[in-house]
Amino acid sequence: MIEIGLKHVSEMIVTEDVTAVSVGSGDMPVLATPAMMALMENAAMLAVAPHLPEGCATVGGHIESSHLRPSVIGERVAATAVVTKVDGKKIEFKVEAHCGDSLLGSGTHLRFVVDRSTFLSRL
């Protein structure tokens, strides 16, 4: 059962592969906004994964976040996702990313519970 307050923290080290230059979202060698947001999505997915019915997964529906400061290659980034609302198959999260004590970004994320087989059969 998915409950309000479920939480997960996902971490990464900023590497060349996740810079704005490599991802194509900018021309600076700093953490790309899409990479930060992917880490937030990963934290949300993992926060609820152990609580899903067998054969189910979650898929992202919407994400909105600020990106307040750059992170350079070698820095550790941690993204936290906390379940804030559950409405049937719809799950809302508060997401944040930090580098040490500095807030990198914060926002909200929406995921939906889906049956894996049914979802994949519609592709």
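Figure 1. Arg76 counts as partly exposed because its relative accessibility is 47% (buried is under 20% relative accessible area, exposed over 50%, partly exposed in between, with a 1.4 Å probe and protein chains only). The model is predicted: local features need pLDDT of at least 70, side-chain atom pairs count only at pLDDT 80 or more, and totals for chains, interfaces and linings use all residues. Residues are numbered from 1 along each chain as its sequence is written, and side-chain values use heavy atoms, with hydrogens and water left out. Arg76 forms a salt bridge with Glu11, and the closest N and O atoms are 3.3 Å apart (a salt bridge is a side-chain nitrogen of Lys or Arg within 4 Å of a carboxyl oxygen of Asp or Glu). Arg76 lies in strand S3 (residues 76-87) and Glu11 in strand S1 (residues 7-13), so the pair ties together parts that are 65 residues apart in sequence. Helices (H or I, at least four residues) and strands (E, at least two) are DSSP runs, numbered from the N terminus. Glu11 is partly exposed, with a relative accessible area of 49%.

**Figure 2. Glu41 and Arg111.** The closest N and O atoms of the salt bridge between Glu41 and Arg111 are 3.4 Å apart. Because Glu41 is in helix H2 (residues 33-48) and Arg111 in strand S5 (residues 102-115), the pair ties together parts that are 70 residues apart in sequence. Glu41 is partly exposed, at 28% relative accessible area, whereas Arg111 counts as buried, at 5%.

**Figure 3. Glu75 and Arg69.** Glu75 forms a salt bridge with Arg69, with 3.8 Å between the closest N and O atoms. Glu75 has a relative accessible area of 23% and is partly exposed; Arg69, at 25% relative accessibility, also counts as partly exposed. A search of the whole structure finds four salt bridges.

Figure 4. Phe119, Leu120 and Leu123 make a nonpolar surface patch of about 350 Å². Patches are made of residues with over 30% relative accessible area and no salt bridge, with like charges joined within 9 Å and nonpolar side chains (Val, Leu, Ile, Met, Phe, Trp, Tyr) within 5 Å. Accessible areas come from the Shrake-Rupley method with a 1.4 Å probe; for residues, only the protein chains shown count as cover. Leu123 is in the segment after helix H3 (116-121). Leu123 counts as exposed, because its relative accessibility is 76%.
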